[in-house]
Amino acid sequence: QTGVGYPQLSAVIECADAAHGLGGHIVSDGGCTCPGDFAKAFGAGADFVMTGGMLAGHVESGGDLIEIDGKQYKQFYGMSS
């Protein structure tokens with residue numbers, strides 16, 4: 001999983017360059033799906049990275065645990081959760 005969406009990467013690079021010149025911070029919110037996405041966002045200059053659904057299915061996360069056909073799932077509504 002080494003691919004990266006160039007529009008997101010270039011946006012972080014350009015915005016980080018401008019924001020850091022003014023003492024600002026950048027949050028990358030591009031739908032991370034693997035640990036490499038975090039490294040790329042930080043490498044491009046992001047100060048923070050949104051994790052979102054990547055952590056949503058863990059036992060420690062909020063939300064109801066439901067069972068469908070013998071399999072357990074976490075109920076997750078994206079930003080509504």
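Thr 51 counts as partly exposed because its relative accessibility is 30%, where partly exposed lies between buried, under 20% relative accessible area, and exposed, over 50% (1.4 Å probe, protein chains only). The model is predicted, so local features need pLDDT of at least 70, side-chain atom pairs count only at pLDDT 80 or more, and totals for chains, interfaces and linings use all residues. Residues are numbered from 1 along each chain as its sequence is written, and side-chain values use heavy atoms, with hydrogens and water left out.

Thr 51 sits in the loop between strand E2 (48-49) and E3; helices (H or I, at least four residues) and strands (E, at least two) are DSSP runs numbered from the N terminus. Phe 42, in helix H2, is also partly exposed, at 42% relative accessible area.

| Pair | Sequence separation | C-alpha distance |
|---|---|---|
| Thr 51 and Ser 28 | 23 residues | 9.4 Å |
| Phe 42 and Val 12 | 30 residues | 9.1 Å |

Beyond four places in sequence, Phe 42 is in contact (heavy atoms within 4.5 Å) with Asp 47, Phe 48 and Val 49.

The largest nonpolar core has 10 residues, among them Val 12, Ile 26, Phe 38 and Val 49. Such a core is a set of buried Ala, Val, Leu, Ile, Met, Phe, Trp, Tyr and Cys residues joined through side-chain atoms within 4.5 Å.

Strands E3 (residues 65-68) and E4 (residues 71-74) run antiparallel and are joined by 4 bridges; pairing requires at least two bridges found by DSSP. Glu 67 has Gln 72 in E4 as its bridge partner. The two strands form a hairpin with 2 residues between them, and Asp 69 in the turn has a positive phi of about 50 degrees.
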